[in-house]
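Good morning, and thank you for coming. Please look at the structure on the screen while I take you through its sheet, its helices and its core.

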Amino acid sequence: MKTEIVIKNGTEVAVIESDELLITDVQSALDLIVTVKYETECMNIAISKEAVTDDFFILSTGLAGEILQKFINYGVRFAVYGDFSGYTSKPLKDFMYESNMGKDIYFQPDRSGAIDKLCGCSGS
């Protein structure tokens, strides 16, 4: 796991890159939150969707809800970025759309979009 701190619009974002799955269940998400907060003191995390288990994107598993609740509970804003075009579930697309309208959880097509959302940059 490689962590890069990006500062934009006066906001720090920990951008996580990994060749392996980092979020596979609730405990691994908690481990990531705690590690990033401890090592960087960052309250914003962006991660590639390739580092997140596919079960997260199957809403009926309940995994996305459980994991995202942990980010909210720990006061960490979270963005997942990548190509979501392969997902055809209307409930998932609706969930992602609604998340993008909020202030804490985002799903973006690329790294720069995720950073922009977490930094509150306009035009994102």
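I begin with a crossover: strand E4, helix H3 (residues 90-101) and strand E5 form a right-handed β-α-β unit. Right-handed here means that, with the strands pointing away from the viewer, the path from the first strand over the helix to the second runs clockwise. Helices (H or I, at least four residues) and strands (E, at least two) are DSSP runs, numbered from the N terminus.

Two remarks on the source are needed. This is a predicted model, in which local features need pLDDT of at least 70 and side-chain atom pairs count only at pLDDT 80 or more, while totals for chains, interfaces and linings use all residues. Residues are numbered from 1 along each chain as its sequence is written, and side-chain values use heavy atoms, with hydrogens and water left out.

Strands of a sheet pair through backbone hydrogen bonds, either parallel or antiparallel. Two strands are said to pair if DSSP finds at least two bridges between them. In this model, five strands make an open sheet in the order E1-E2-E3-E4-E5, with mixed pairing. E1 and E5 stand at the edges with a single partner strand each, so one side of each has no neighbour in the sheet. On average, neighbouring strands are turned by 20° against each other, direction ignored. The axes behind such angles are lines fitted to C-alpha atoms, for helices over the stretch in contact, and angles run from 0 to 180 degrees between N-to-C directions.

How is E4 joined to E3 and to E5? Strand E3 (residues 44-48) pairs with E4 in the parallel sense over five bridges, and four bridges join E4 to strand E5 (residues 105-108), also in parallel. Towards E5, Ala-79 stands opposite Tyr-106.

Is E4 enclosed or open to the outside? Four of the five residues of E4 (residues 77-81) are buried, so this strand is largely enclosed by the rest of the structure. Buried means under 20% relative accessible area, exposed means over 50%, and partly exposed lies in between (1.4 Å probe, protein chains only).

Helix H4 (residues 111-119) has seven of its nine residues buried, so it too is largely enclosed by the rest of the structure. Its buried residues include Ala-114, Ile-115 and Leu-118. Among the elements that cover them are strand E1 (2-8), strand E2 (11-17), E3, E4, H3 and E5. Contact here means heavy atoms within 4.5 Å. After H4 comes Gly-120, whose phi is positive, near 70°.

H1 lies across E1, E2 and E3, at about 125° to E2, and H2 lies across E3, E4 and E5, at about 125° to E5.

The largest one has 31 residues, and Ile-23, Ile-47, Phe-57, Phe-71, Phe-78 and Phe-107 have the most contacts inside it. Helix H1 (26-40) is among the elements that give two or more residues to this core, and the largest share, six residues, comes from H1. A second, separate core of 12 residues includes Ala-46, Ala-114, Ile-115 and Leu-118.

Finally, the aromatic rings. Rings of Phe, Tyr and Trp (its six-membered ring) pair if their centres lie within 6.5 Å; planes under 30 degrees apart count as stacked, over 60 as edge-to-face and the rest as tilted. The whole structure holds eight such pairs. Phe-56 and Phe-107 have ring centres 6.4 Å apart and planes at 45°, so their pair is tilted. Phe-56 is in the loop between E3 and H2, 51 residues from Phe-107 in E5. Phe-84 and Phe-107 form an edge-to-face pair, 6.0 Å centre to centre, with 80° between the planes. Phe-84 is in the loop between E4 and H3, and both Phe-84 and Phe-107 are buried. Ring pairs link Phe-56, Phe-57, Phe-84, Tyr-87, Phe-95 and Phe-107 into a cluster.

Note on methods. A nonpolar core is a set of buried Ala, Val, Leu, Ile, Met, Phe, Trp, Tyr and Cys residues joined through side-chain atoms within 4.5 Å.
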